[in-house]
Amino acid sequence: MAMLEVTDLHVYYGNIEALKGISLEADPGQIVAILGSNGAGKTTTLRAISGLLRPRSGSIKCAGKSLVGVDAHVIVGMGLSHVPEGRRIFNILTVDENLNLGGYLVRSQPRLIKERKAGVFKLFPRLAERRMQLAGTLSGGEQQMLAIGRALMSDPKVLMLDEPSLGLSPILARSVLRTVREIAGRGTAVLLVEQNARQALAIADKAYVIEVGRVVLQGEAATLASDERVQRAYLGGFEAVGTQAELGKNN
Ligand SMILES: Nc1ncnc2c1ncn2[C@@H]1O[C@H](COP(=O)(O)OP(=O)(O)O)[C@@H](O)[C@H]1O
Ligand SMILES: [Mg+2]
């Protein structure tokens, strides 16, 4: 059974249909990339899944349970965590305090908070060094690590990332994406939205290409990476930052 199963999702902004029947699936441990140009509907898809937007129709299931109409904070408790576009961390709180907020559902269990935080620090040692630093004073890459770390504090079964490499240097982008591979390696299903198709396909297992609210192509990441239509539309002009082997896809 897929950990996340989205079927025929339709989402409107007023009278405008932003998603015209999106279907996708993610299995435990899988990285599923969602590609598409600006305005295609990638962010809308993630926002609908995490309960921030209510779909007009369609079904969304996490571990077999329907998420449609469920409040966003309840959805987090059901195992789905969303790192939004532009990493909304709390600048005037410390790294540590931001992580605590990510664990608010288990705030009465300090042992669990401590355990999960240790897991985040293992994944991102730089955050451990800076745990008492105000989040607003972190570099862009460190802020992205913190946003991901905060999402991991709820111990999600499904982690959704909206353009995690945006604005990062190629080296940092590669390091963040390598960590995403590590997270999936622990059994989490990852939905990865990326404008940089080359990097996304290098670490993903499979991918969906969205154009104006519809899935126009889907398949194994390696197959899509060599697809002429994908190359023409999404892989032209991007700088290659890593091969699959370099990004640790197979380990
Ligand atoms: N809050 C909003 N109100 C109205 N239209 C929106 C809103 N957010 C996004 N849209 C429109 O929905 C479409 C999909 O947007 P979005 O999901 O943000 O695309 P992407 O993340 O792929 O760039 C675009 O045409 C965009 O202009
Ligand atoms: Mg977007």
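Select helix 7 (residues 170-185) first. In this predicted model, helix 7 lies across strand 3, strand 7 (158-162) and strand 8 (189-193). Its direction makes an angle of about 155° with strand 8. Axes here are lines fitted to C-alpha atoms, for helices over the stretch in contact, and angles run from 0 to 180 degrees between N-to-C directions. Helices (H or I, at least four residues) and strands (E, at least two) are DSSP runs, numbered from the N terminus.

A note on conventions. Residues are numbered from 1 along each chain as its sequence is written, while chains are lettered from A and ligands numbered from 1 in the order in which they are written. Local features need pLDDT of at least 70 and side-chain atom pairs count only at pLDDT 80 or more, whereas totals for chains, interfaces and linings use all residues.

Six of them form an open sheet, ordered 6-7-8-3-9-10, with mixed pairing. Strand 6 (80-83) and strand 10 (214-220) are at the edges, each with a single partner strand, so one side of each has no neighbour in the sheet. From one strand to the next, the twist averages 15°. Two strands pair if DSSP finds at least two bridges between them.

Zoom in on strand 3 (residues 31-35) and strand 9 (residues 206-211). They pair in the parallel sense, over four bridges. Pick I34: its bridge partner in strand 9 is Y208.

Step across to strand 10. Strand 9 and strand 10 run antiparallel and are joined by six bridges.

**The ligand shell**

The residues around it are Y13, A18, G36, N38, G39, A40, G41, K42, T43 and T44. A residue belongs here if its C-beta atom, placed from the backbone, lies within 6 Å of the molecule. Helix 1 (residues 42-49) gives the most to this shell, with three residues. Colour the shell by type: three residues are nonpolar, six polar and one charged. Ala, Val, Leu, Ile, Met, Phe, Trp, Tyr, Cys and Pro count as nonpolar, Asp, Glu, Lys and Arg as charged, and the others, Gly among them, as polar.

Stay on K42, in helix 1. K42 counts as buried because 23 other C-beta atoms lie within 10 Å. The cut-offs are 20 or more such atoms within 10 Å for buried, 12 or fewer for exposed, and partly exposed in between, with C-beta atoms placed from the backbone. Leaving aside neighbours within four places in sequence, K42 is in contact with I34, G36, V193 and I210. Contact means that C-beta atoms, placed from the backbone, lie within 7 Å. Draw a distance from K42 to V212: their C-alpha atoms are separated by 9.5 Å, at 170 residues apart along the chain.

**An exposed strand residue**

Jump to I16, in strand 2 (residues 16-26). I16 counts as exposed because it has 8 C-beta neighbours inside 10 Å. The C-alpha atoms of I16 and D27 are separated by 31 Å, with the two residues 11 apart along the chain.

**The two domains**

Finally, colour by domain. Domain 1 covers 1-79 + 159-169 + 187-251, and domain 2 covers 87-155. These bounds come from an automatic or database domain assignment. The domain centres, taken over C-alpha atoms, are 24 Å apart. Seven residues of domain 1 are in contact with seven of domain 2. On the domain 1 side, helix 2 (72-77) and strand 7 are the elements that give two or more residues.

Conventions. Contact = placed C-beta atoms within 7 Å.
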